[in-house]
Amino acid sequence: IQPLFTLSHYEPPLNIVLNYDGWYSREVIDMFTKYTKVVAERYKGKVKYWLTFNEIDSIVRHPYTSGALVEDRFEGKNFMHVIYQAMHHQFVASAIATKILHDTDPENKVGCMLTKLTYY
């Protein structure tokens, strides 16, 4: 059995919600980068399979659990624009995390989980 480590899986710290407006804030990218470096070093050689975000595309349907976004905190702003900005920040963070994980161990396999949606 091989472990599969997910860096972000619907558990935004409350501090990020209350003090940074979730992933809407670009500052959260730097926080995620530091977190990724710590985790990558801690589990180097122990974990080979990594996901940066669980269902990174689900922020549109679940803005709080995926993006730490509370609509009431964005009065006067188009909330869909807020969501897409937050999603952009997650994509940037995912790319940086992927680089960190590959730099830490070139054997690491890194991706992100996408939501399974069926359309007809």
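What follows is a set of questions and answers about this predicted model.

Q: How do you know that the model can be read, and what are the ground rules?
A: This is a predicted model, in which local features need pLDDT of at least 70 and side-chain atom pairs count only at pLDDT 80 or more, while totals for chains, interfaces and linings use all residues. Residues are numbered from 1 along each chain as its sequence is written, and side-chain values use heavy atoms, with hydrogens and water left out.

Q: What is the mean pLDDT of the protein, and where is confidence lowest and highest?
A: pLDDT is the predictor's confidence in each residue, from 0 to 100. The mean for the protein is 94, and 97% of its residues reach 70 or more. Confidence is lowest in α3, at a mean of 91, and highest in helix α2 (residues 27–42), at 98.

Q: What makes α4 a helix, and how does its reach compare with the expected span?
A: Helices are DSSP runs of H or I with at least four residues, strands are runs of E with at least two, and both are numbered from the N terminus. Helix α4 covers residues 79–104, which gives it 26 residues. The expected span is 1.5 Å times one less than the number of residues. From first C-alpha to last, α4 reaches 37 Å, close to the expected 38 Å.

Q: Which residue has a side-chain oxygen that reaches the backbone nitrogen of M80?
A: That residue is N78, at the start of α4, and its side-chain oxygen comes to within 2.9 Å of the nitrogen. M80 itself is placed in helix α4.

Q: Why is M80 called partly exposed?
A: Buried means under 20% relative accessible area, exposed means over 50%, and partly exposed is in between (1.4 Å probe, protein chains only). M80 has a relative accessible area of 34%, so it counts as partly exposed.

Q: Is S66 buried or exposed, and why?
A: S66 sits in helix α3. Its relative accessibility is 9%, so S66 counts as buried.

Q: What makes the link between S66 and S58 a polar contact?
A: A polar contact is a pair of N or O atoms within 3.5 Å; within protein, one must be able to donate a hydrogen and the other to accept it, and residues adjacent in sequence count only if both atoms are side-chain atoms. The side chains of S66 and S58 are joined at 2.8 Å, and this is a polar contact.

Q: How many salt bridges does a search of the whole structure find?
A: The search finds two. A salt bridge is a side-chain nitrogen of Lys or Arg within 4 Å of a carboxyl oxygen of Asp or Glu. D21 and R73 meet in one, at 3.0 Å from N to O. This pair links distant parts of the chain, 52 residues apart: D21 is in the loop between α1 (14–20) and α2, and R73 is in the loop between α3 and α4. K99 and D103 also meet in a salt bridge, at 2.7 Å from N to O.

Q: Why are D21 and R73 called partly exposed?
A: D21 has 23% relative accessibility, so it counts as partly exposed. R73 is partly exposed because its relative accessible area is 38%.

Q: Where do K99 and D103 lie?
A: Both are in helix α4, four residues apart, about one turn of the helix. An α-helix has 3.6 residues a turn, so residues three or four places apart point the same way. K99 and D103 are both exposed.

Q: What makes L14, L18 and Y64 a nonpolar surface patch?
A: Patches are made of residues with over 30% relative accessible area and no salt bridge: like charges are joined within 9 Å, and nonpolar side chains (Val, Leu, Ile, Met, Phe, Trp, Tyr) within 5 Å. L14, L18 and Y64 make a patch of about 300 Å². Y64 is in helix α3 (residues 63–67), and its relative accessibility is 40%, so it counts as partly exposed.

Q: What is the value of phi for Y10 and for E55?
A: Phi of Y10 is near 60 degrees, a positive value in a residue other than glycine, and phi of E55, also positive, is near 45 degrees. Most residues other than glycine have a negative phi. Y10 is found in the loop between β1 (4–8) and α1, while E55 is in the loop between β2 (49–53) and α3.

Conventions
Areas by Shrake-Rupley, 256 points an atom, 1.4 Å probe, with all protein chains shown as cover.
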